[in-house]
Amino acid sequence: MADEKIAIQVKNLDKVYKLYDKPSDRLKETLGLGRKKRHREHHALKDINLTIRQGETVGIIGTNGSGKSTILKIITGVLNPSGGEVIVNGRISALLELGAGFNMEYNGIENIYLNGTMIGFTQKEIEEKMSDILEFADIGEYVHQPVKTYSSGMFVRLAFAVAINIEPEILIVDEALSVGDVFFQAKCYHKFEEFKQMGKTILFVSHDLSSISKYCDRVMLLNQGVKLGEGKPKEMIDTYKRVLVGQYTVEDAQEPEGTELLEDEQIRALAGSGGKNSAPANVNPELLEYGSKKALITEYYITDEKGTKTSAILKGSDFHIHMKVDMAEDIAAPVFAFTIKNIKGTEITGTNTMFEKAFLESVKAGETKEIVFTQEMNLQGGEYLLSLGVTGYEGDDFTVYHRLYDVLNLTVISDKNTVGFYDMNSKIEIY
């Protein structure tokens with residue numbers, strides 16, 4: 001039967017979350033107090049269908065909040081669907097939240113046995129894989145210490161080594177190949193290629209479009225929980241880029257054989273028309289805010305090279321960071337700044353009006369200044385956090401008027417990543 005060759009079958013999959021304004025509303029609805037509906041429904045996934053055959057490598061792309069991680073968690077059994085059906089034929093190893101099943105009091109060896117048992121391996125099978133796991137992790141004698149004493153780097157190395165070396169029939173990867181240093185990353189990608197050559201089934205989620213293009217046989221494009229299309233990597237990546245900037249139209253699309261796309265009207269409704277006033281939902285609800293408030297940042301957002309408000313920027317394109325600042329008092333020489341960090345908290349880049357010699361004037365109480373930083377995006381594809389600030393000097397004292405740490409999420413969409421944090425845009429000549 002043809003079904004025997006299907007590794008993963010997703011049929012009419014839905015995932016709905018109930019959102020409550022306050023905890024008491026959840027309690028009242030749970031207890032059945034009154035007939036009033038006290039929740040709003042958020043559809044993380046809407047009627048998703050996907051068939052993955054044994055030996056295929058399938059990618060899922062889409063911006064934050066599109067449902068990529070949700071569908072992977074449902075397939076692996078971490079989440080239950082609200083509707084639809086998922087059929088899995090084969091043993092899964094999932095590189096989702098690395099180390100999620102680790103016991104922090106156990107040492108590395110004990111956690112290897114714990115994780116292997118949870119996946120379904122016998123003690124003998126784990127023992128047979130132990131040397132491969134330890135060699136891959138390469139953390140030395142630390143493997144005999146409690147994992148609570150590990151650095152974050154050692155922790156993810158061990159977790160990755162366990163997940164990647166148990167030789168599953170199906171490998172599910174969610175942005176997990178870029179862990180550790182560059183040498184460990186190279187080892188991870190080499191192992192990934194080995195899996196593909198061995199004919200393993202791979203389901204792969206990444207913002208690194210170069211990896212999606214290189215490894216995947218097919219790609220599914222999601223947005224706001226809806227499947228926009230499915231087809232060959234190049235066509236779906238091109239569609240994704242055009243949807244991001246609101247420039248996709250059915251009239252322009254040349255749909256190759258095997259590619260399914262939604263109608264233009266559906267895409268506009270789901271992805272937005274690219275209007276300049278459509279604000280993205282990328283503000284951090286738990287941002288750190290402080291300062292004297294003599295100046296107050298009242299508005300902030302990111303726009304792409306077309307002037308569209310967005311949290312996703314294509315690598316190699318220009319983008320703009322906007323902030324509006326109201327002055328509560330006279331300030332001799334305010335300094336407006338931004339900083340970009342990676343998700344581990346490392347400051348990658350940033351600048352301010354003093355460095356750029358762009359604004360060295362005094363301001364009066366009641367004034368409003370609108371600041372726009374324009375630059376080319378050369379960071380590698382991935383997730384970043386944007387911080388904003390207004391500072392200055394009062395006499396010899398450095399003063400923070402208003403600072404917003406990690407206020408916005410920034411996603412860089414790339415089809416070519418190099419080593420390190422940013423791309424030097426090298427030109428190569430070979431004679």
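1. Arg38 is partly exposed, at a relative accessible area of 21%, where buried stands for under 20% relative accessible area, exposed for over 50% and partly exposed for what lies in between (1.4 Å probe, protein chains only). In this predicted model, local features need pLDDT of at least 70 and side-chain atom pairs count only at pLDDT 80 or more, whereas totals for chains, interfaces and linings use all residues. Residues are numbered from 1 along each chain as its sequence is written, and side-chain values use heavy atoms, with hydrogens and water left out.

2. The position of Arg38 is in the loop between helix H1 (23-31) and strand E2 (39-53); helices (H or I, at least four residues) and strands (E, at least two) are DSSP runs, numbered from the N terminus. Leaving out residues up to four places away in sequence, Arg38 touches Leu19, Tyr20, Asp25, Lys28, Glu29 and Leu33, a contact being heavy atoms within 4.5 Å. The C-alpha atoms of Arg38 and Leu27, which are 11 residues apart along the chain, have a separation of 9.8 Å.

3. For the chain as a whole, there are nine helices and 19 strands, and 45% of the 431 residues count as buried. Among the contacts in the chain with a separation of 6 or more, 71% are between residues 24 or more positions apart.

4. Thr70, in helix H2 (residues 68-75), is buried, with a relative accessible area of 14%. Its neighbours within four places in sequence set aside, Thr70 is in contact with Lys15, Tyr17, Ala44, Leu45 and Leu79.

5. Two packed helices are described by the angle between their axes and the distance between the axes. Helix H3 (residues 108-119) and helix H4 (residues 123-137) pack at an angle of about 130°, their axes being 10 Å apart; the axes are lines fitted to C-alpha atoms, for helices over the stretch in contact, and angles run from 0 to 180 degrees between N-to-C directions. H3 and H4 are therefore oblique to each other, given that angles under 35 degrees count as roughly parallel, over 145 as roughly antiparallel, 65 to 115 as roughly perpendicular and the rest as oblique.

6. Ile109, Ile112, Tyr113, Gly116 and Thr117 of H3 meet Gln123, Ile126, Glu127, Met130, Ile133 and Leu134 of H4. By class, this contact has seven nonpolar, three polar and one charged residues, with Ala, Val, Leu, Ile, Met, Phe, Trp, Tyr, Cys and Pro counted as nonpolar, Asp, Glu, Lys and Arg as charged, and the others, Gly among them, as polar.

7. H4 also packs with helix H5 (residues 152-164), the axes coming within 8 Å and crossing at roughly 140°, and this crossing is right-handed. From H4, Ile133, Phe136 and Ala137 meet Arg157, Leu158, Phe160, Ala161, Val162 and Ile164 in H5, and by class this contact has eight nonpolar, no polar and one charged residues.

8. Asn409 lies in strand E19 (residues 397-413) and is buried, with a relative accessible area of 16%. The side chain of Asn409 makes a polar contact with the side chain of Glu383 (2.9 Å) and reaches the backbone oxygen of Tyr384 at 3.4 Å. A polar contact is a pair of N or O atoms within 3.5 Å; within protein, one must be able to donate a hydrogen and the other to accept it, and residues adjacent in sequence count only if both atoms are side-chain atoms.

Conventions
A crossing is left-handed if the near helix is turned anticlockwise from the far one by less than a right angle, and right-handed if clockwise.
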